[in-house]
Amino acid sequence: MKKIQIADNIHMLSMNVEDILFEGMWDIANGVTLNSYIVKGDKTAIIDGVIGWDGIPETLYKNLEEINIDPKDIDYLIVNHMEPDHSGWIENFKKINNDFTILCTDKAANLVKSFFGDDEKIKVVKEGDTLDLGAGKVLSFHPVPNVHWPDTMMTYESDTKTLFSCDMYGSFGKIDESYFDDQMTDEDVEYFEEEGIRYFSNVMATFTPQVKKAIKKTEEFDINLIAPGHGPLYRKNPQKIIDDYSRFSEYSNGAGKNEVTILWGSMYGMTKKAVDFAEKILVNKGIKVNKLEMPLKSESEMMATVFKSGGVIVAAPTYEYKMFPPVAAALEELGRKKVTGKLAFSFGSYGWSGGAQKELNEIIEKNRMKWDFVEPVEFEGSPREEDLKKVEEGICELIERMKDKVVE
Ligand code: FEO
């Protein structure tokens, strides 16, 4: 666990978590940080905490003591969000401190009771409510429902102009040294661009309309520092992560980078021949290509890669009168996360009858994804020259129309 003073009388304790499935399902190849914040006035508040796994709350207490804060002296827990990656430690904390007050939204209060029992001292806060800790430190509370759960809020500290944004403005990716934007190398910036997209697409994409509202709310504050619950802190240029989140919100609704992702699967290599051909055409035209062979790629990577792409090629054969199931499952997941408005092109092989294209249309319709497809190509068995010509024509149209989708 890392201890860093981030502003006058405000510390961050941050730990890397690796080798987990985030939310029990997302394979996060590069880990994630859990950031907890301690604000000291005459009274002491801790804003969000850590996960409750064996030994982790005790590590938090040890680190608090090393910055001269006795965990028994903590007066307030500010629970921005009850998801256990931030709140799991509270059950353990109750064993060493029985005199603290939890401040949270009404929706979080219900979860506090259902997670930890009825005996907590809880003060429900609403938009703009404040808590004066003394010595100049005043916290105010700002609900941002569904960013990421209905209970979520952000907390603002007016003395140092710090916004504790919880899941909002967060990112995956472990951190070893450079916690602040002004410490980052160009490689770090690129790393957090990718990890931010992965986080947003995996965790936030479903809630893009609410994220947009939270961006608007952020603009009401005078901000020196954005301190999220996951990922780096922004003090040199807090506007960067606000702009990034605006851009990621557009990716949710069909915009993307000047890249084409081929989301594909093949049973015996017939569809693969057309995939390899498509890749060559795209490379020749100078377009960055991402290939996602399903089911070999993780859901997390699939989601992030399709999400950020200005164009998508869905390439899958017919399997038992429907679409090759791993590609169908990926599309369903994209639908569940409300990745809408993508410009796309599809092709694939069939043996006796088609069916993949029909199921593709059903998935897009059922999930109200509003993807905009150029004319699809289905071919019997191995693609012949005339089939590949149609694939090439489809790709050329995709590239032409992508110009309206690119936002980088
Ligand atoms: Fe970082 Fe929604 O929890």
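Guide: Buried means under 20% relative accessible area, exposed means over 50%, and partly exposed is in between (1.4 Å probe, protein chains only). Also, this is a predicted model, where local features need pLDDT of at least 70 and side-chain atom pairs count only at pLDDT 80 or more, while totals for chains, interfaces and linings use all residues. Residues are numbered from 1 along each chain as its sequence is written, and side-chain values use heavy atoms, with hydrogens and water left out.

Visitor: Okay, is methionine 270 buried, exposed or partly exposed?

Guide: Methionine 270 is partly exposed, because its relative accessible area is 34%. You'll find methionine 270 in helix H8 (270–284); helices (H or I, at least four residues) and strands (E, at least two) are DSSP runs, numbered from the N terminus.

Visitor: And which residues is methionine 270 in contact with?

Guide: Leaving aside neighbours within four places in sequence, methionine 270 is in contact with Ser349, Phe379, Gly381, Ser382 and Pro383. Contact here means heavy atoms within 4.5 Å. Tyrosine 350 is 80 residues from methionine 270 along the chain, and their C-alpha atoms are 8.8 Å apart.

Visitor: Zooming out, what domains does the domain assignment give?

Guide: Domain 1 is 2–252 and domain 2 is 259–398, with bounds that come from an automatic or database domain assignment. Their centres, taken over C-alpha atoms, are 38 Å apart.

Visitor: How many residues of each are in contact with the other domain?

Guide: 15 residues of domain 1 are in contact with 15 residues of domain 2. Together the two domains bury about 1300 Å², with 56% of it on carbon and sulfur atoms. Buried area is the accessible area (1.4 Å probe) that two parts lose on being put together, summed over both.

Visitor: How many salt bridges go across that interface?

Guide: The rule finds 1. A salt bridge is a side-chain nitrogen of Lys or Arg within 4 Å of a carboxyl oxygen of Asp or Glu. Glutamate 194 and lysine 308 form a salt bridge, with their closest N and O atoms 3.1 Å apart.

Visitor: New topic: where does histidine 148 lie?

Guide: Histidine 148 sits in the loop between strand E11 (137–143) and strand E12 (153–157). Histidine 148 is buried, with a relative accessible area of 4%. Its side chain makes a polar contact of 3.1 Å with that of glutamate 23, and one of 3.3 Å with that of aspartate 167.

Visitor: Back to salt bridges, how many are in the whole structure?

Guide: The search finds 29. One of them joins aspartate 8 and lysine 137, with the closest N and O atoms 3.6 Å apart. Aspartate 8 is in the loop between strand E1 (2–7) and strand E2 (10–17) and lysine 137 is in strand E11, so the pair ties together parts 129 residues apart in sequence.

Visitor: Is lysine 137 buried or exposed?

Guide: Lysine 137 is buried, at 0% relative accessible area, whereas aspartate 8 is partly exposed at 47%.

Visitor: Which residues are linked in a network of salt bridges?

Guide: Glu193, Lys240, Asp244, Arg247 and Lys257 are linked that way.

Key:
Polar contact = N/O pair within 3.5 Å; in protein donor to acceptor, adjacent residues only side chain to side chain.
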